[in-house]
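Let us take a friendly walk through a protein structure, one step at a time. Please keep the sequence and the 3D view open as you read.

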Amino acid sequence: MSHFTSEDEALLQSMLRQLLQSVKEKITGAPSVECAEEILLHLEETDENFHNYEFVKYLRQYINNTVGSVIEEETEKCTSAQNQGEVSGYDTLVQHVTKKTRESKEYREMMHALKNVMMVVVESLINKFEEDRMHNKEVDSKTKKERQSGYYTDNCSDSDSSFNQSYTFMSQEQLQLLVERLDPIQPKEVRQEAVETLCFAPPSDILNSESWPNLRKHLTMSLSDPDGTFSEKILRFYAKTFSSSPFNMTREVYTSLARHLELYFLSGEYSLRISAGLDVSNTDINCLLKKVRLLNEYQKEAPSSWIRHPEKYMEEVVESTLSLLSVKHESSPAVSPDFLSPVYFLALLDIKAVWFKKWTHAYYSRTVVLRLLEKKYKSLINAAVQQCLDYFEFCKAAVNKNSRVSDFSQQHCSDKQNFSYTGPELQYVCFVHSLCLLGRLLIYKQGRNLFPVQLKNKKDSVSITDLLVLFTQLIYYSPRYPKTALTMHTDSYSPASLVMEILQVFCDQTGCAAECLYKDAVIDALLHPVQSLLSGTEVYINCLETTLIEVADILARIAAVEDGLSLLLYGENEKTAREDSPAAVHVIIQFTKKLLHDDISLLSGSEILPVVKGAFIFVCRQMYRTCEGLQMLIPYGLHESIGEAWKKVNL
């Protein structure tokens, strides 16, 4: 078994160590095979990588070679009997084959051989147990030499390559000593040596020990150590724990790291401001980003495993995260609006809020997240709405002054690496994160129940309709440029593209569309550029043609659904139709006819005018596919206009 990896070695030693403990406590004679089976079952339940270990594969192959033929033979017999009606049901078949296999001669011989091997191994372990403890000093000396020769490196705080290192298994006494040596009151050299020993210890030993609660406190405090190398080694241990331990253990490590960051942002030593920008090449800021990145990586991985554990474990992780992100808004009412809060750091690393998308994807976790947001952390939603409002006001003010707005989504496209962010760039990154978070939140009924929200600097509360109108206005007020080879890969971060993604998702969700999109105010906002062109009003819109195509796309999606079509034909309330504003269908038809007659001067000569025409013809098609829609369109003679345009194109 020389081809086994270090992970297999760790598994074997962990298994044998547990077996030895069972022998010492329970067994006076030879260990039972049932004891080994219990240990293997426990490891299978707690270790997600159990079936990938070479040792487990070897054991499975050994069993297959020994009793595989018996299993196949009994399966064939039972299958034949099942076809004849003698045996029924899959469970019955499995039970029957299992019983026959256990009663076979081959199985008894295999178990006898395993028992003999176990007796030899455990006897050897018992004989050498005291001897191994005496050699601890030699092991420590060897570790120190390997470290000095460059065997241990700490270039990256969150590398997962730590499995390629040797492990030093530790007793409870050694772990207690380690805790004492990591106490912040100890000299720096003592703590340095202790943390290096920690990096060589298996995370399972550490997290399962009685000393872990005290050790966790020391590690949380040590993360604030001014020596960057020291804190990076602790981060390395955290990263190794995240990648090799089950969720019920790693949650404590995560909450420890989140608590450390929360205390740091609340401390007097933290003084970063948005207006000053952020230089990520600075050592302290780089270290801070590494800590947040480690949190974010765990945030995106945890949902794949937390459903297998009690809800309270998941709630600990969720609440520690929301508490950290709320630092700016809940720490003090007099906190400066220029405060660079944890949300900005998270947005830099996960600009589209993928973590929130994963946390709200499943009902199991979504319920907990939205409940905590509603009861304790609604300020996070308020802050996200405020961020979107601030960016919209910034864009609108620039448009009114007829000045060019910086499109931050198009910046840093060159090969030159950038190591700093200006204040406006940080604001934009946080805006994108907030926009994606709100877009995800509104998909769910429980998320929509969080609205309306009351902002500090706004007299009226902000409703869902107000937010959707704001989103829609971002399509034509935010900066944008024609698509080129240079801008294609950054276009997904432009406000218009992000809003389009959100609105398209809403259109596909029946309940969400009814509560969010099917409102007169939202339709009026969508048709604002169209109304301006029809009335001859001056239009300040970047990439007018692209904006019109996107507006037509959303209108067509709305018209494709019965309730949406009714909204376009009659308005939000058919019985109390507005006299001052005609239904959307009339505006759309009039604009489409003007397009077909080339009667809009601002669009004349445009290369993509045919695409704009096609987009609005398709909206009309979605409306006249029903009798009611057709009845609305007939008086306008749209079919004649289409025919004339077709003849003109052919000529």
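What follows starts with the overall picture and then moves on to helices, the core, aromatic rings and cysteines.

Before anything else, please note that this is a predicted model. The protein's secondary structure comes to 32 helices and two strands. Of its 651 residues, 49% are buried. How do distant parts of the sequence come together? Looking at contacts between residues at least 6 apart in sequence, 76% join residues at least 24 apart.

Now for the interior. In soluble globular proteins, nonpolar side chains tend to be buried together. Here the largest nonpolar core has 164 residues, and among those with the most contacts inside it are Leu373, Leu438, Phe451 and Phe471. Helix α20, residues 423-441, supplies the largest share of this core, with 11 residues. Setting aside residues up to four places away in sequence, Leu373 touches Leu322, Phe356, Lys378, Leu380, Ile381, Leu441 and Leu450.

Leu373 also belongs to the buried residues of helix α18, together with Ser365, Arg366, Thr367, Val368, Val369, Leu370 and Leu372. This helix, residues 363-375, has 13 residues and reaches 18 Å from its first C-alpha to its last, close to the 18 Å expected at 1.5 Å a residue. Elsewhere, Lys352 lies over the face of Tyr493, at 5.2 Å from the ring centre.

From first C-alpha to last, α22 (residues 464-477) reaches 20 Å, close to the 20 Å expected at 1.5 Å a residue.

With 16 residues, α30 reaches 23 Å between its first and last C-alpha, close to the 22 Å expected at 1.5 Å a residue. Its buried residues are Leu609, Val612, Lys613, Ala615, Phe616, Val619, Cys620, Gln622 and Met623. Which helices do they pack against? They pack against α26 (528-535), α27 (544-559), α28 (562-570), α29 (584-596), α31 (627-633) and α32 (638-650). Leu609 has a relative accessible area of 11%, under the 20% limit, and so is buried. Leaving aside neighbours within four places in sequence, Leu609 is in contact with Leu595, Asp598 and Leu603. The C-alpha atoms of Leu609 and Ile549 are separated by 9.6 Å, although the two residues are 60 apart along the chain.

Next come the aromatic rings. A pair of aromatic rings is described by the distance of the centres and the angle of the planes. The model has 20 aromatic pairs. The rings of Phe265 and Tyr270 have centres 4.7 Å apart and planes at 65°, so this pair is edge-to-face. Both Phe265 and Tyr270 are buried. Tyr391 and Phe394 form a tilted pair, with 6.2 Å from centre to centre and 45° between the planes. These two residues lie in helix α19 (residues 378-400), three residues apart, about one turn of the helix. Tyr391 is buried at 6% relative accessible area, whereas Phe394 is partly exposed at 41%. Phe242, Phe247, Tyr254, Tyr298, Trp306, Trp355, Phe356 and Trp359 form one aromatic cluster, and Phe356 is also one of the residues that Leu373 touches.

Finally, the cysteines. A disulfide is a covalent bond between the sulfur atoms of two cysteines. How many disulfides does the model have? The count comes to zero. The closest cysteine sulfur to that of Cys436 is in Cys388, 9.2 Å away, which is too far for a bond. Cys436 is buried, with a relative accessible area of 16%. Cys512 is in no disulfide either, and its nearest cysteine sulfur, in Cys516, is 3.9 Å away. Cys512 is buried too, at 2% relative accessible area.

Key:
Residues numbered from 1 in each chain as written. Predicted model: local features only at pLDDT ≥ 70, side-chain atom pairs only at ≥ 80, totals over all residues. Heavy atoms only, no water. Phe/Tyr/Trp six-rings, centres within 6.5 Å; stacked < 30°, edge-to-face > 60°. Buried < 20%, exposed > 50% of the residue type's maximum accessible area, 1.4 Å probe, protein only. Helix = DSSP H or I, 4+ residues; strand = E, 2+ residues; numbered from the N terminus. Lys NZ or Arg CZ within 6 Å of the ring centre and 35° of its normal. Disulfide = S-S within 2.5 Å. Core = buried A, V, L, I, M, F, W, Y, C linked by side-chain atoms within 4.5 Å. Contact = heavy atoms within 4.5 Å. Expected span 1.5 Å × (residues − 1).
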